[in-house]
Amino acid sequence: MHRVAVRPVTCLMAYQVLARKWRPQRFDDVIGQQAVTRTLRNALSSGRIGQAFVFAGQRGSGKTTTARILARALNCVNGPTAEPCGVCDACVEIAQGRDIDVLEIDAASHTGIENIREVIISGLAITPVRDRYKIFIIDEVHQLSTPSFNALLKSIEEPPPHVVFMMATTELHKIPDTILSRSQVFEFRTIPTTLITVQLRKIVDAEGIDAEDTALSLIARAAEGSMRDAQSALDQVIAFAGNTVSVDDVSTVLGLVGRDLLFDLVDAVVAEDGPAAFALADRAVEAGHDLRLVLRELSRVVRDLMIVSVDPARAGEGELAEGERERLTQLASRFSREDLMRAFDLLSNAEREIRVASHPRYQFEMALLKWMHTRKLTPLVDLLTAGPKGPALLGVGTAGAAKSQIPNPKPQIPTRTTAAPTRPAEPTNPRTAAPANPRIGEPANLKDKLLAEIRSGKATFYNTVVAQARRIEVSDERITFVFGPAHSSLRGLFDQQKSWLDAAAERVAGRKIPVVSVQSDAAESANAEPRAQNPEPLTPNPEPPKRDLKAEAMSSSTVQAMLDVFPAEIRDVEETP
């Protein structure tokens, strides 16, 4: 005889993952979808139950779960009710997915019209075996073919009274409008990070796991609004770390970037500490982080900084963890909004470029250095607002950096006259060759001193208005600025500064001497003889004078401020309709 050794078989209970173990069983348990669950509860309470429902939303938002809860509510022994008992045969079997009257169909494996006819259409006329309703739950319904959708049209529009369709999809736009118009459409929202974090805390406390809040926040943030993704990631981290979960465990298992590393990188940029930035780049590479992910998370940090900058009250709300609020608020005070917008664009572009870079690390390091440099830039609006002082702001930026090395020569402003305002007066001119007054000195010296005083006190006014004068006539009684016939607008701007000009002339001359302005056509008749002795180059134009567009442009303080900042020369000005 042969003896056979029999080993005892140990029955192991199958482990149930957290996503299935903590699947909601009531409408109140569905997280972040109050609008959907409230509508369904009211419909059940009032008896206004539709024949077809479409649940649309991103993965892990609760579409199929809500469909199962609705099926239980319809077929519960106490139903239809908004509060299924959860203990009757129908509730238990639907929750376990083995109710014969509730068919869950995967559209990806039933795309053809023959499958739809065999599984759905052929069984519509058959009454439920036990339950009140025969329910078809079609997951990822957008994967059905066009003929399959067409075959369902009549069944969805006018099904038997005991049939209810529930369709779930992540791509609502792929479902034909003919189906949507025959159904009640519910769009599921992305679950907020804070709600996911609260649920993860509830799970780890119930499971006896000691987890840091920052670790749970990191998992919730990485889930991007999907509760199932967060629960699956938590399951994976617990399998690695055991009963104690830390931020380092999460970063190691899931390859996520810790917020401390990101904040340290931002601190290095604020301090313009290149060596520290390179050291942190080494740390990210040694930790095995995907540098594209690091750039993406840096963009998220910049976005959080912008939120805190725009609305400081939100520092305690939304996706920010408890330990991050104070640090984010502190960092946000070091950036202007222009800095943050430029940084977001820079990081987004760097993320795209690093995908095809032959040396991703070099690209990452250069992106950090570029970010430091962009903080030295000064907004153009500030330069224009500063006027003549605008060039002094170049290179200062919001970081208080050293002045930029960009050359800034004074632009040469062309004029139509051949006699510059600062040119000494012709000795043949009777007015400018008048005898010297012992109180004020030579007229030429007085004119030069007055022009210097105007240039130092109002540089923009000097360049745009005073420099456009045809000539300047000085006498003991007055100082006359003569403008061309087409410069009436410049003369008006000149007259607006008359009180200041009179004060400047008094400071220079040591006595009161008025400063007046005239136009050349009026000056011609009053000073015919001086003009004959010292003719000025006036353009004869018997026709009505045309607009001097260049002079009008040069009279703009904004244009002049631009010329003070940028080395440029205006050659011509055209008017467009």
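Colleague: Is the crossing of α2 and α3 left-handed or right-handed?
Modeller: The crossing of α2 and α3 is right-handed, that is, the near helix is turned clockwise from the far one by less than a right angle. Helices here are DSSP runs of H or I with at least four residues, numbered from the N terminus. This is a predicted model, in which local features need pLDDT of at least 70, side-chain atom pairs count only at pLDDT 80 or more, and totals for chains, interfaces and linings use all residues. Residues are numbered from 1 along each chain as its sequence is written, and side-chain values use heavy atoms, without hydrogens and water.

Colleague: At what angle do α2 and α3 pack?
Modeller: Helix α2 (residues 34-46) and helix α3 (residues 63-75) pack at about 15°, and their axes (lines fitted to C-alpha atoms over the stretch in contact) are 12 Å apart. The two helices are therefore roughly parallel (an angle under 35 degrees).

Colleague: Which residues of α2 and α3 meet?
Modeller: Val36, Leu40 and Leu44 in α2 meet Thr66, Leu70, Ala73 and Leu74 in α3, with contact meaning heavy atoms within 4.5 Å. By class, this contact has six nonpolar residues, one polar and no charged.

Colleague: Changing topic, how much space lies in the largest pocket?
Modeller: About 660 Å³ lies in the largest pocket. Of its 27 lining residues, Arg23, Pro24, Gly62, Thr65 and Met227 are the closest to the centre.

Colleague: Which element gives the largest share of that lining?
Modeller: Helix α8 does, with four residues. The elements giving two or more residues are α1 (18-21), α3, α8 (193-207) and α10 (227-241).

Note on methods: Axes are lines fitted to C-alpha atoms, for helices over the stretch in contact, and angles run from 0 to 180 degrees between N-to-C directions. Angles under 35 degrees count as roughly parallel, over 145 as roughly antiparallel, 65 to 115 as roughly perpendicular and the rest as oblique. Ala, Val, Leu, Ile, Met, Phe, Trp, Tyr, Cys and Pro count as nonpolar, Asp, Glu, Lys and Arg as charged, and the others, Gly among them, as polar. On a 1 Å grid over the protein atoms alone, a cavity is a set of points where a 1.4 Å probe fits but cannot get out, and a pocket is an open set with protein on both sides within 12 Å along at least five of seven lines; lining residues have an atom within 4 Å of a point. Grid points are joined across faces, edges and corners, and a volume is the space filled by probe spheres set on the points.
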